[in-house]
Amino acid sequence: MIVSATKACRRGSALLSRPNSEGFARNWGWVAVENSLDGLTIEGLTRRLGGRTVVSDVSLRVRPGQVTCLLGPSGCGKSTTLRLIAGVDRPDAGRVLADGEVLSDKVRHVPPESRRIGLMFQDFALFPHMTVAENIAFGLKGTAQEKGRRVAGMLERVRLSGFGEAYPDQLSGGEQQRVALARALAARPRIMLMDEPFSGLDDRLRDGIRDETLDILKDEVTAVVLVTHDPEEAMRMADEIALMRNGCIVQSGAPYNIYNAPVDRDAAAFFSDVNVICGTVRGALTDTPFGEFLIPGVPDGTEVEIVIRPQHLRIDFDRGGKGPNPTREDGVAAKGSVVRARYMGNESLVEFRMEHDGSMLNATVPSVFLPKPGTQLWLMMRRRRCFVFPKEVS
Ligand SMILES: Nc1ncnc2c1ncn2[C@@H]1O[C@H](COP(=O)(O)OP(=O)(O)OP(=O)(O)O)[C@@H](O)[C@H]1O
Ligand SMILES: [Mg+2]
């Protein structure tokens with residue numbers, strides 16, 4: 001990644017310059033390259049609490065200006081991981097590094113206040129007895145004039161100029177969130193840790209504030225770890241998603257890859273409802289009511305689950321007891337009877353009971369499609385959108 005020279009200087013990145021004979025850099029000569037250790041690195045982070053391993057061998061790399069979302073269900077270890085990075089808790093194993101400097105390992109533990117890490121939590125935790133300006137200035141170093149300039153700059157950045165003398169309880173939830181962001185960023189942290197920072201906001205405010213926050217974080221070129229249990233939020237905010245389960249990162253990657261190439265059924269199901277069709281492998285094939293699926297390299301007798309999201313089922317009409325002809329893209333059609341159809345705003349959700357085994361399948365259709373219960377229709381699976389996994393034993 002190439003960053004601007006000023007930002008790179010602040011972060012101490014390696015600067016490659018080509019001074020001319022007067023000792024000045026030519027326009028074409030100033031190029032900043034990211035130091036390979038810039039940003040946050042965590043390696044094999046492990047924490048045992050109450051006799052259980054709640055964070056297990058977690059490794060991550062977050063570069064300056066990048067947002068990584070720790071995404072996972074309640075209790076999977078997201079906040080504990082943040083606490084270990086912040087330094088308010090110590091790992092049993094593993095290391096935390098910022099810009100190549102070890103913050104935590106077996107022997108070293110830099111105290112939280114010396115880590116240059118900004119924190120932001122769900123409740124914002126503004127000091128109620130301090131004005132907005134005092135809240136933002138809290139923890140800043142320098143002369144009163146320098147602090148005043150930085151506070152004014154941050155207030156402008158979060159569009160709250162003129163609110164410096166107000167107290168937090170005189171502000172709306174969205175305004176308080178922006179003050180908390182200004183306070184966290186005022187000291188120019190190299191890493192920003194955010195634990196469900198938008199969950200206290202009203203639905204209508206949330207989208208706008210998320211986008212604004214993201215713009216500010218990108219401008220500040222901070223490495224951000226954002227904790228959320230909301231997959232939509234992670235998809236919207238993250239450059240990279242680290243999906244956590246039972247203390248471990250089960251998959252990490254760009255939102256597109258995590259959504260379109262999940263590692264297992266639960267990873268797929270974390271982002272949307274899924275339909276699951278079971279089968280058994282025979283001669284590299286699994287026969288289902290939707291046709292045969294090629295499953296090479298899997299021994300005969302292996303039970304597999306074919307997983308498909310509701311929007312990737314295709315619905316077709318009944319033609320006097322017959323369905324559409326099979327195609328390479330969609331395979332064979334299977335017959336189902338509508339149990340319920342609901343209009344969801346942007347799409348319609350249709351629930352089917354399948355004729356072949358009585359199982360239920362859900363399909364979503366963009367726009368309004370509300371067939372009556374009992375209507376016989378045919379379903380096809382978009383082959384390229386199916387995921388096949390070994391059957392999970394629950
Ligand atoms: N001090 C503690 N002693 C014992 N167990 C703890 C302690 N702190 C956390 N835990 C346990 O560790 C697990 C992970 O907790 P953590 O707060 O990291 O979860 P989380 O992913 O942030 O969940 P949520 O989304 O609900 O905030 C939980 O099962 C929790 O009960
Ligand atoms: Mg938590």
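**Exercise 1. Which residues in helix 5 meet which residues in helix 6?** Then describe how the two helices pack.

*Solution.* This is a predicted model, in which local features need pLDDT of at least 70, side-chain atom pairs count only at pLDDT 80 or more, and totals for chains, interfaces and linings use all residues. Residues are numbered from 1 along each chain as its sequence is written, while chains are lettered from A and ligands numbered from 1 in the order in which they are written.

Step 1. Find the helices. Helix 5 covers residues 173-186 and helix 6 covers residues 203-220. Helices (H or I, at least four residues) and strands (E, at least two) are DSSP runs, numbered from the N terminus.

Step 2. List the contacts (C-beta atoms, placed from the backbone, within 7 Å). G173, G174, Q177, L181 and L185 of helix 5 meet L205, I209, T213, I216 and E220 of helix 6. These residues divide into five nonpolar, four polar and one charged. Ala, Val, Leu, Ile, Met, Phe, Trp, Tyr, Cys and Pro count as nonpolar, Asp, Glu, Lys and Arg as charged, and the others, Gly among them, as polar.

Step 3. Take the geometry. The two axes come within 11 Å and cross at roughly 15 degrees. Axes are lines fitted to C-alpha atoms, for helices over the stretch in contact, and angles run from 0 to 180 degrees between N-to-C directions. Helix 5 and helix 6 are therefore roughly parallel (angles under 35 degrees count as such).

**Exercise 2. Describe the surroundings of ligand 1.**

*Solution.* Step 1. Collect the residues near it (C-beta atom, placed from the backbone, within 6 Å). They are L49, G50, V54, G72, S74, G75, C76, G77, K78, S79, T80 and H229.

Step 2. Sort them. Three are nonpolar, eight polar and one charged.

Step 3. Find the main contributor. Helix 2 (residues 78-86) gives the most to this shell, with three residues.

**Exercise 3. Trace the strand partners of strand 4.**

*Solution.* Step 1. Strand 4 (residues 40-49) runs antiparallel to strand 5 (residues 52-62), joined by seven bridges. Strands pair if DSSP finds at least two bridges between them. L49 has R52 as its bridge partner in strand 5.

Step 2. Look at the hairpin. Two residues lie between strand 4 and strand 5, and G50 takes a positive phi near 55 degrees.

Step 3. Turn to strand 7 (residues 93-98). Five bridges join it to strand 4, again antiparallel. Here L40 stands opposite A98.

Methods. Angles under 35 degrees count as roughly parallel, over 145 as roughly antiparallel, 65 to 115 as roughly perpendicular and the rest as oblique.
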